[in-house]
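This note sets out some points for a first reading of the model. Please keep the structure in view while reading them.

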Amino acid sequence: MNKVLFYNTYTEKYMEGLPTGNGRLAAMMLGTPEKLRIALNHEWMWRGENRFREQEDVSCHIGEVRELLLAGDFYKGTELANEYFGGLGGISGIKNRVDPYQPVGDLYVTFDAGEISDYTRSLSLESGLSSTSFNSKYGRISEDLFVSMADGCMVLKISSELSSNFSVKLTRIFDPLCTISYEDISDGLVMKGSFKDGISFEAHIKINTNGTFVKDNSSIGEISVKDASETLVLINIGTDAKGNAPSKEIVWPAENNFDKLFERHKESFAIIMGNSCVEIDLPSLDSVPTDKRIELFREGKDPSMPLLYFEYGRYLLASGSAGELPLNLQGKWNEDLAPAWDADYHLDINLQMCYWFSETLGMRRATEPLFYLIERYVPYGREMAKNLYGCKGTTFTLQTDVWGRVTPESKGWAVWVGGAPWLCQHLFMHWRYAKDEKFLKERCYPVLKECAEFFEDYLYEKDGELWIVPSQSPENRFEGTGHFPVSLCVNSAMDIQLVTELLTNAIESAKILSVDSDKIELWTEILSKLPKLTIDSNGRLNEWDKERKEVEPGHRHLSHLYGLHPSQLFERNSIEWTAAEKSLDARMAYGGGHTGWSRSWVACMMARLLRGEEAMHHLQRLICDFATVSLLDLHPPRIFQIDGNMGGTAAVCEMLMQSRYGELYLIPALPSEWKNGYVKNFCAQDALTVSFEWKDSKITSFTLESAEEQNIKVIFGDSKMEIRLSGGVPKTVNV
């Protein structure tokens, strides 16, 4: 399959542009032949006005709220909990203190190109090269852009068959709270910006051309290039978000040769992408433009489109998560001063979904920013645990930004203690996949321990059980809680599952490390006292403590099914597994999955349930209903959110391979149209590398390689094999 997006039409719509990035820097390439636009982003470009915010101590109110909720007065309990612990934003009508992720500005390349013909634009998902080309009065003009993983800057080459004239302009949308100025440098210019009461930033461009350039308009950020057939524009951006002057971040490569810079970039980009490979024998429409392919896919005529979507999610993770910070709601690509939900970090699925496939595809370098952010949150999480609930340990609120100040900032939604344990799952699963004991000891277990210590205090003992109160099931509600968007309650199913998983993983980690025997004993006792999950009169898993009437039975969130996916808390074919399946079917019968990320979650769950045809159906609906022409994911009404892209890639992984402790499932949810194919170098738990091939929907061979000696049970179709592996020695089985 040709891993390229390409088009014969241009666009001025940002969400139809082509994204590139190296994690630290990001660019969206769009525009017209006469006016190329490169929208610029930097991962630390958050306004910074609220980066030192604090939370007052309101923990004295926790008893009052608990009394109401325990008495069944959910309306008053929800009202007071939000008043005391909900913060600003949300239903308060007052802007919260989350700093929005900001655009740096735009680089424009403007030609007086005459009559235009034969226009194309493309993006390589294997290298991150974004290109446009077209015929003009200067002959064929080409514009090639990549964001270097090796040299840390953006590299733009502008070439033409005949000597051409054009302008390069660096600018930023008007923002009354941001001061912009320009400064000449010998071979380019600098745009300097400063947010009132916030951070400062600089965008630098350097120009190397075989023509000449004139700085008559450099005071407004514009440079004219004359009589040039090849021009190299280097772009770099710095901020003072981490305490250093923006210019300290600006580093340039030693050479100005595009081809050499690109080769260096490709080598580094390939490392981030990993070496996994998926090939499925399907008709190829590689010669058809991507926008036309999407139209054909909607008509059922392009069966390979889900594989392109799969590769795109992998590409977006590599391009957006190779710096210091993880993907936000829009990855690293945003053009708006006031983006939806501030393009922030939502910890009740959106951030987590972006990393569901990273371990399977061996993209471990791309997960590092997620772990960095978690560790960044822990110290302030201690303050939140103390100030909100009077507890030790650490806790994270539902919505936050990059500064680590995990204060509640979304009244109506914010009173929830599940964000930290959910993120702990990613730390622990990294251990399970990599079996890196240094990581377990120094990074994973310390966070798990602090999160577990929070629940030592937060859980409320009643009738011999330890109850979770306040509790919620993000972001759903039941009747009897009035106008509030989320119902607060006692013992939501999701919170029970999160605490169970957290303590179970903390116990396992402590035992492996031979530490904290007293904690093992305490956590084991807590587990024995947690409430049990309950099942309703229709055999469905209750979302709350007992059967309650949902206000929105087709709600977008599937929080109570966490134990099915992404967790592996529910054993296959257990009572909870069956009840979760019935709950999922009911949710879909009422129209669930009506956002991009929600639909991709449904696809993952259907795959986890071994329902391959339905997993494919929801993957198809994800692409047909929630994708722009450049395949970027949409949240209704048409808001770009990257999580659905990533969930779609995760769904394909789930369809092809599933890994549980000591067990490996090959093609567990294979749709009928994927009859023949192969996978190379998928990663599984127990530090396994897995390759396999299938024909006529049946496994024909597989190869396993383990970092350590172990037994693994391999399951495919009706077959089960117990395989003994020696450390570092591949074992191939022909079926």
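**Notes on selected local features**

1. D696 is found in the loop between β25 (688–695) and β26 (698–706); strands such as these (E, at least two residues) and helices (H or I, at least four residues) are DSSP runs, numbered from the N terminus. Although D696 is not a glycine, its phi is positive, at about 50°. D696 is exposed, with a relative accessible area of 52%; buried means under 20% relative accessible area, exposed over 50%, and partly exposed in between, for a 1.4 Å probe and protein chains only.

2. The model is predicted: local features need pLDDT of at least 70, and side-chain atom pairs count only at pLDDT 80 or more, while totals for chains, interfaces and linings use all residues. Residues are numbered from 1 along each chain as its sequence is written, and side-chain values use heavy atoms, with hydrogens and water left out.

3. A positive phi, about 55°, also occurs at S514, which is not a glycine. This residue is found in the loop between α10 and α11. Is S514 buried or exposed? S514 is exposed, with a relative accessible area of 65%.

4. Two cis peptide bonds deserve attention. One runs from V469 to P470, with omega near 0°; P470 lies in the loop between β19 (465–467) and α10 (493–513). Another joins H565 and P566, with omega of about 15°, and P566 belongs to the loop between α11 (517–529) and α12 (575–589).

5. T394 lies in the loop between α7 (364–389) and β17 (399–400). The residue is buried, with a relative accessible area of 1%. A polar atom of its side chain lies 3.0 Å from the backbone oxygen of V378, and the side chain of T394 also reaches the backbone nitrogen of R382 at 3.3 Å. Such a polar contact is a pair of N or O atoms within 3.5 Å; within protein, one must be able to donate a hydrogen and the other to accept it, and residues adjacent in sequence count only if both atoms are side-chain atoms. Not counting residues up to four places away in sequence, T394 touches several residues, including Y377, A385, E450 and F454 (contact means heavy atoms within 4.5 Å).

6. Helix α9 covers residues 437–458; at 1.5 Å a residue, its 22 residues should span 32 Å, and its end C-alpha atoms are 30 Å apart, which agrees. The expected span is 1.5 Å times one less than the number of residues. At the start of α9, a side-chain oxygen of D436 comes within 3.1 Å of the backbone nitrogen of K438.

7. Strand β14 (residues 222–239) has 13 of its 18 residues buried, so it is largely enclosed by the rest of the structure. Strand β9 (residues 154–171) runs antiparallel to β14, joined by 11 bridges; two strands pair if DSSP finds at least two bridges between them. Within this pair, K169 has E222 as its bridge partner. Strand β12 (residues 200–209) is also antiparallel to β14, over 9 bridges, and here K206 is partnered by L234. Strand β13 (residues 212–214) pairs with β14 in the antiparallel sense over 3 bridges, with F213 opposite V225.

8. An open sheet of 4 strands has the order β22-β23-β27-β28, with mixed pairing. Which strands stand at the edges? They are β22 (657–660) and β28 (719–725), each with a single partner strand, so one side of each is left without a neighbour in the sheet. Strand β22 pairs with β23 (residues 663–666) in the antiparallel sense over 4 bridges, and M657 stands opposite L666.
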